[in-house]
Amino acid sequence: MESFEKNWYVLHTYSGYENKVKANLESRAQSMGMGDYIFRVVVPEEVEMEEKNGKKKEIVHKTFPGYVLVEMVMTDQSWYVVRNTPGVTGFVGSHGAGSKPAPLLQEEINSILRSIGMSTRTVELEVEIGETVKIIEGAFSGLEGQVAEIDEEKQKLKVNIDMFGRETSTELDFEQVDKI
């Protein structure tokens, strides 16, 4: 059964090769013309502060070692490309014998992406630094501010707002603002 709906799937990989699989998959999606079927590839990680010999150091841990998340439209061709990417051992939720995997539930992926500081959906926002935007969601809803920074990958931006005669900076998701 082919679905033309974008969903998130979990790939099983060799532990320690998650970032290599991500790079391979992004490269293959590009070179094989699958950009309309394979969208985002994510290796969930969390940063922890560790103290060793009196020195603090940031350590990055994989949230799910041996697993990579991929947002894709499941077709025979996209399934083949992902499955045959070097380092991918299979899809989680596939019962073998040529059966396609079940996607993650929306609540599951929302929770995972929020925990690593990513937006749950891609939003096209055509703004530039210095442009004025209107905040439509969150604590500053209804206010306007100037865009100070844009992070396309995480779909976040920093907006400077004038509050009580002082400039205040806040970090917002793309879906929390509208272009004026």
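This is a predicted model: local features need pLDDT of at least 70, side-chain atom pairs count only at pLDDT 80 or more; totals for chains, interfaces and linings use all residues.
Colleague: How many aromatic pairs does the structure hold, and what is the geometry of Tyr9 and Phe91?

Modeller: The structure holds two aromatic pairs. In one of them, the ring centres of Tyr9 and Phe91 are 6.1 Å apart. Their planes meet at 85°, and planes over 60 degrees apart count as edge-to-face, so the geometry of this pair is edge-to-face.

Colleague: Which strands does the pair of Tyr9 and Phe91 link?

Modeller: The two residues are 82 residues apart and belong to distant parts of the chain. Tyr9 is in residues 6–13 and Phe91 in residues 88–91, which are strands S1 and S6.

Colleague: Is Tyr9 buried or exposed?

Modeller: The cut-off for a buried residue is under 20% relative accessible area. Tyr9 has 3% relative accessibility, so Tyr9 counts as buried.

Colleague: What is the angle between the planes of Tyr14 and Tyr17?

Modeller: Tyr14 and Tyr17 form an aromatic pair, with 6.3 Å from centre to centre. The pair is edge-to-face, and the angle between its planes is 75°.

Colleague: Which residue lies over the face of Trp79?

Modeller: The residue is placed at 3.9 Å from the ring centre of Trp79. Its name is Arg83.

Colleague: Where does Phe140 lie, and which residues does Phe140 touch?

Modeller: The UniProt annotation "domain: KOW", from an unreviewed entry, covers residues 126–153. Phe140 lies in the loop between strand S7 (132–135) and strand S8 (144–151). Not counting residues up to four places away in sequence, Phe140 touches Ile135, Ile161, Met163 and Thr170.

Note on methods:
Residues are numbered from 1 along each chain as its sequence is written. Side-chain values use heavy atoms; hydrogens and water are left out. UniProt positions are given in the numbering used here, feature names are shortened, and annotations may be inferred rather than shown by experiment. Helices (H or I, at least four residues) and strands (E, at least two) are DSSP runs, numbered from the N terminus. Contact means heavy atoms within 4.5 Å. Rings of Phe, Tyr and Trp (its six-membered ring) pair if their centres lie within 6.5 Å; planes under 30 degrees apart count as stacked, over 60 as edge-to-face and the rest as tilted. Buried means under 20% relative accessible area, exposed over 50%, partly exposed in between (1.4 Å probe, protein chains only). A charge sits over a ring if NZ of Lys or CZ of Arg is within 6 Å of the ring centre and within 35 degrees of the ring normal.
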